[in-house]
Amino acid sequence: MPRVEFQNIAKQYGRVTVLDELNLDVDDGEFLVLLGPSGCGKTTLLNLLAGLVETTAGKILIDGRDVTDLDPKDRGLAMVFQSYALYPTKTVRGNLQFGLSSQKLDRTEIARRVDWAAKLLQIETLLDRKPSQLSGGQRQRVAIGRALVKNVGVFLFDEPLSNLDAKLRTEMRLEIKRLHDELKHTIVYVTHDQIEAMTMATRIAVMDGGVIQQVGTPDEIYEQPANLFVAQFIGSPSMNVLSARVESDGGKPVAILDGFETRIDLSGHATGDALAPGTAIVVGLRPEHGEIGAADRPAQIELPLLYAEKTGGDATLFLKTSGRPFAVRIDPAAAGGVRAGEAVQVGYAAEKFNLFDARTGRRI
Amino acid sequence: MTDILPLEPVRRTFRDYPKKPRKIRGSSIAILVFLTMCALFIAIPLYVIIVTSIKEMSQIIQGEIFSLPTKVTFEPWWKAWNEVCSGVQCEGVKVGFINSLMILFPSLVLSIGLSMVTGYALALWNIRWAGTFLFVLFTAAFVPFQIIMIPLIIMTGIIKVYGTIWGVAIVHAVLAMPLLTLIFRNYYKDIPNEIMSAALMDSGSFWRIFFEIILPMSGNILIVVLILQITSIWNDFIIGLYFGGIGTKPMTVILANSVITSRGEISYNVDMAAALLTAIPPLVIYFVLGKFFVQGITAGAIKG
């Protein structure tokens with residue numbers, strides 16, 4: 001299966017620069033998810049790879065071959081679209097065949113591939129129906145089938161699940177993951193849904209403002225976000241951030257959170273210039289890492305409860321701060337004991353902090 | 001054991017609901033009066049034409065144009081079809097009917113084909129200057145035909161189609177292009193972008209995508225354009241008159257000639273019958289395709 005390389009890609013629409021000096025490698029067999037808020041350039045990047053949009057500068061290589069100026073059909077790609085984009089006047093079989101008959105394959109080969117894909121996706125009984133007679137999930141399967149029959153190495157997905165309801169989305173997520181495990185295609189998958197990214201990707205590229213903020217495995221992205229944007233974009237509810245200032249306490253760096261008395265011992269974290277006394281930093285704390293009622297943790301925060309939200313499996317407390325509410329995820333059984341307005345004490349273990357430079361937003 | 005009776009569905013007709021007292025407002029009366037006048041404006045002449053065409057001349061010369069025929073005769077229709085003279089040729093309007101058919105089909109194919117492909121290219125392909133082209137094309141729609149008629153005659157003469165059916169068809173295609181291209185382009189603009197992207201990745205061929213994907217999706221708009229074009233080509237007089245050769249005059253031209261060149265007494269009944277015969281084909285098209293016409297005009301975006 002081929003590798004995909006983006007080299008110094010730039011894309012401008014008129015005077016608006018959407019992407020600039022972008023570099024990204026996708027290894028063969030990898031499931032790379034481009035994740036980011038809408039307008040971050042992830043779909044543009046995918047369209048550049050597909051050849052549906054022309055690059056302003058830079059090179060795109062697929063399997064070592066420069067495809068920057070090739071037509072979409074000559075790049076050896078298949079794509080699944082958000083709206084499925086099935087041809088409404090063709091049957092399911094016609095939809096699957098259209099790309100193949102354009103390649104001038106012989107009939108037995110076409111029939112063999114259509115049957116294979118239909119079987120794999122369990123749409124054999126639907127082959128003679130028109131797209132309008134299919135449900136959303138079935139249309140999605142056909143759209144994937146249309147990509148599969150082309151027998152190419154690289155698959156592009158453009159938010160394929162966002163038109164499905166929640167239950168179907170979970171099913172299709174597994175289905176796509178299973179297909180990837182079975183067929184080992186190289187996949188580039190665009191989404192704004194972090195759950196999809198976390199569950200399916202082998203690697204995630206988080207994008208914002210046309211710039212790739214971080215590339216890494218789902219665990220890396222979650223545990224060690226490279227900057228404040230990634231930290232706050234991934235995770236729901238998102239990471240709590242508190243500004244703080246570094247001071248020296250007998251040679252050890254400690255952080256003093258603005259508005260709190262608490263001193264947080266930072267000696268476990270990287271030392272050196274980054275934590276020189278007087279530096280302004282941002283402390284990031286994941287909602288699920290907080291322990292309520294624990295009084296002996298290195299970092300202690302006490303805030304009044306704003307409201308509690310139960311979602312069955314767990315509960316989230318939202319504590320009142322001067323800015324955004326501070327979220328703490330707890331066991332739902334413990335959530336009943338606190339009332340709005342009451343102070344809640346939350347403790348954090350030392351290794352659970354994420355520290356960022358307040359000026360650059362980068363991870364320390 | 002108890003039998004379960006099948007449940008009768010409750011059927012309600014509009015009679016089951018209490019009638020709302022209807023108020024007729026002044027404005028609706030005005031509208032009704034206006035519409036009735038509009039209808040009469042068309043209906044009265046039509047009535048006169050139909051009645052006259054089945055009267056005998058002896059009744060017509062009495063001058064009571066609104067009276068019903070005392071004796072119904074279809075001879076004028078037969079004469080109009082078979083015997084009226086256009087110039088020295090006395091073979092009825094049937095000659096023109098055949099000519100009009102011969103003109104109609106190539107004109108339809110040329111004008112619709114040309115504007116359909118142009119509209120498809122402008123709407124769905126990345127074409128440099130597409131906006132400018134469309135603007136110029138649409139400006140051309142406002143140029144009066146009389147101004148370009150003589151240049152067109154010379155141009156069709158140069159490509160050696162002047163006076164043939166193809167000459168007439170080409171002129172029809174050229175004159176219809178601005179409006180039809182705009183209609184097709186706007187219709188194709190509503191085709192979801194992603195369908196075109198998918199087709200580009202699957203095939204990438206301009207013609208394959210057109211014939212296999214886009215053309216089958218054009219049913220509604222084709223019927224609209226078909227009705228527009230059949231009516232305008234069939235009813236056309238001036239293009240047929242100037243660009244048709246001696247043997248290729250359309251029905252409208254033959255009709256006009258026959259009305260002008262009557263010898264002796266003027267057979268109003270035959271003239272009326274000839275006019276009706278000429279008007280029938282577009283009417284038939286309306287009756288057959290009218291339902292689709294409304295659907296086509298009101299059809300919005302194409303759902304995938």
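User: How many residues of chain B are in contact with chain A, and what does contact mean here?

Analyst: Contact means heavy atoms within 4.5 Å. By that rule, 18 residues of chain B touch 24 residues of chain A. Bear in mind that this is a predicted model, where local features need pLDDT of at least 70, side-chain atom pairs count only at pLDDT 80 or more, and totals for chains, interfaces and linings use all residues. As for bookkeeping, residues are numbered from 1 along each chain as its sequence is written, chains are lettered from A and ligands numbered from 1 in the order in which they are written, and side-chain values use heavy atoms, with hydrogens and water left out.

User: What area do chain B and chain A bury between them?

Analyst: The size of an interface is often given as the accessible area lost when the parts come together. Buried area here is what two parts lose in accessible area (1.4 Å probe) on being put together, summed over both. For chain B and chain A that comes to about 1,900 Å², with 62% of it on carbon and sulfur atoms. E194(B), M201(B) and D202(B) supply 41% of the area that chain B buries against chain A, more than any other three residues.

User: How many salt bridges and polar contacts are there between chain B and chain A?

Analyst: A salt bridge needs a side-chain nitrogen of Lys or Arg within 4 Å of a carboxyl oxygen of Asp or Glu. Two are counted between chain B and chain A. E212(B) and K90(A) form a salt bridge through their side chains, at 2.9 Å from N to O. A polar contact is a pair of N or O atoms within 3.5 Å; within protein, one must be able to donate a hydrogen and the other to accept it, and residues adjacent in sequence count only if both atoms are side-chain atoms. Nine residue pairs between chain B and chain A are in polar contact, both at pLDDT 80 or more. On the chain B side, α8 and α9 (206-214) each give at least two residues, and α8(B) has the largest share, eight residues. Helices are DSSP runs (H or I, at least four residues), numbered from the N terminus.

User: Is D202(B) buried or exposed, and which residues does it touch?

Analyst: Buried means under 20% relative accessible area, exposed over 50%, and partly exposed in between (1.4 Å probe, protein chains only). D202(B) is buried, at 6%. This residue is found in helix α8 (residues 193-202) of chain B. Leaving aside its neighbours within four places in sequence, D202(B) is in contact with residues including Y87(A), F98(A), R146(A) and K150(A).

User: How does the domain interface within chain A read?

Analyst: Domain bounds come from an automatic or database domain assignment. Chain A is divided into domain 1 (4-233) and domain 2 (240-357), and 39 Å separate their centres, taken over C-alpha atoms. Eight residues of domain 1 are in contact with seven of domain 2. The two domains bury about 680 Å² between them, 51% of it on carbon and sulfur atoms. Y222(A), L228(A) and Q232(A) supply 64% of the area that domain 1 buries against domain 2, more than any other three residues. Between the domains, the salt bridge count is zero, while two residue pairs are in polar contact, both at pLDDT 80 or more.

User: Why is helix α1 of chain A largely enclosed?

Analyst: Eight of the nine residues of α1(A) (residues 42-50) are buried, so this helix is largely enclosed by the rest of the structure. Among them are K42(A), T44(A) and N47(A). G51(A) follows α1(A), and its phi is positive, near 90°.
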